[in-house]
Amino acid sequence: MNYNKPKEIVLITGVSGMISKSVAMLLKLNNFEVRFLSRTKKASNQFVWDFSKNYIEPNALTNVQHIIHLAGANISDKRWTKKRKKVILDSRIQSTKLLFEEVQKHQISLKTFISASAVGYYGTTTKDVIFTEESPCGNDFLAQVCILWEKESDLFSTYKNTRVVKLRFGVVLDSNGGALAKMIKPITMGIGAVLGNGKQYIPWIHIEDLCQLLLYSLNNSNMIGSYNAVAPQHITNKQLTNLLAYKLHKRIWLPKAPSFILKLLFGEMSSIILKGNRVSCEKLLSSKFTFKYPKIDEALDNLL
Ligand SMILES: NC(=O)c1ccc[n+]([C@@H]2O[C@H](COP(=O)([O-])OP(=O)(O)OC[C@H]3O[C@@H](n4cnc5c(N)ncnc54)[C@H](OP(=O)(O)O)[C@@H]3O)[C@@H](O)[C@H]2O)c1
């Protein structure tokens, strides 16, 4: 690595997020200067924004060459009321709109705009079909969020030829929180159970691979458009629950948690855990990206 080269500045949206913390560390190690946009300011490299007021702190975008847009209200924190759905949607769409307006207003010469999206783009549905980037989009709430989010991100490609990369994340497995912590907790308490019929697929990716993919997307000009950010190995809820129990030296003795109870408990949000989809990472592999953790067994050994 050439440390004499001037550092390129990457603006990451969301500072408290599970992914933003990890990717920021990796980018710094790779000679990038990192700035954040956040709803609250706690350090000098953090800038405040409020998309509901169309506000971004002055100079947040000065000399920025890349944006990684990760901010968005968590989809599994609260029940999906009408109000919560609006927050989930607005925090992604309005924030992207605001970023685009600011980039144009200040004539920022952006090289790359990378946005998170999700495999929810294809709809959560347990079918044998394996979704590729060419597959049609779904029609449930999360699919609508992803479609609109990606559409908004595409605007950047109309401005100064900015390269746009949209990464459709699978469930990101990290030892510091997120879905893995939620899956582990009941198992360690001895009340783990397979959810629904257990046949739903869980497209997943190890946090380290995801951060490497974000870095790879910054550095490689041949990365353009949408990519499924999921590991090659496909796994169902039943297989993952049993594997976690095995690795944690626990037994799954409870019967499967019935779908109707989970629907009562979580409402429409239950679709995240009761339905899944099977997603291909062939396009990423063809782009010469290599996974450190292609297999769930090794990923869990590393994370647990
Ligand atoms: N983790 C996964 O398994 C997964 C899977 C698929 C897609 N994704 C997507 O990838 C992105 C990053 O994921 P993550 O797990 O790191 O998310 P996270 O831990 O929930 O963090 C999201 C970030 O968004 C900001 N944020 C939260 N609520 C907001 C709101 N109402 N308005 C504006 N900003 C808000 C927060 O930043 P501040 O507090 O600093 O403002 C927070 O740091 C998310 O958009 C998520 O939907 C994640």
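I began with burial and found that, of the 304 residues of the protein, 52% count as buried (under 20% relative accessible area, with exposed being over 50% and partly exposed in between, for a 1.4 Å probe and protein chains only). I note that this is a predicted model, in which local features need pLDDT of at least 70 and side-chain atom pairs count only at pLDDT 80 or more, while totals for chains, interfaces and linings use all residues. Residues are numbered from 1 along each chain as its sequence is written, and side-chain values use heavy atoms, with hydrogens and water left out.

**Overall form**

I looked up the secondary structure and found ten helices and twelve strands (DSSP runs numbered from the N terminus, helices being H or I of at least four residues and strands E of at least two). The radius of gyration is 19 Å, close to the 19 Å that the globule rule gives for 304 residues, so the protein is as compact as a globular protein of that length (taken over C-alpha atoms, the rule being 2.2 Å times the number of residues to the power 0.38). I then checked contacts (heavy atoms within 4.5 Å): among those between residues at least 6 apart in sequence, 77% join residues at least 24 apart.

**Helices H1 and H5**

I next followed H1 (residues 18-29) and H5 (residues 207-219), whose axes come within 9 Å and cross at roughly 60° (lines fitted to C-alpha atoms over the stretch in contact, with angles from 0 to 180 degrees between N-to-C directions). The two helices are therefore oblique to each other (angles under 35 degrees count as roughly parallel, over 145 as roughly antiparallel, 65 to 115 as roughly perpendicular and the rest as oblique). On the H1 side I listed Met-18, Ile-19, Ser-22, Val-23, Leu-26 and Leu-27, which meet residues of H5 including Ile-207, Leu-210 and Gln-212.

**Val-279 and Ser-135**

I placed Val-279 in strand E12 (residues 278-279) and found it buried, with a relative accessible area of 1%. Ser-135 lies in the loop between strand E7 (130-131) and helix H3 (141-154) and is also buried, at 15%. Although 144 residues separate Val-279 and Ser-135 in sequence, they are 9.9 Å apart in space, C-alpha to C-alpha. Leaving aside neighbours within four places in sequence, I found Val-279 in contact with residues including Tyr-122 and Ile-130, and Ser-135, not counting residues up to four places away, touches Tyr-121, Tyr-122 and Ile-130.
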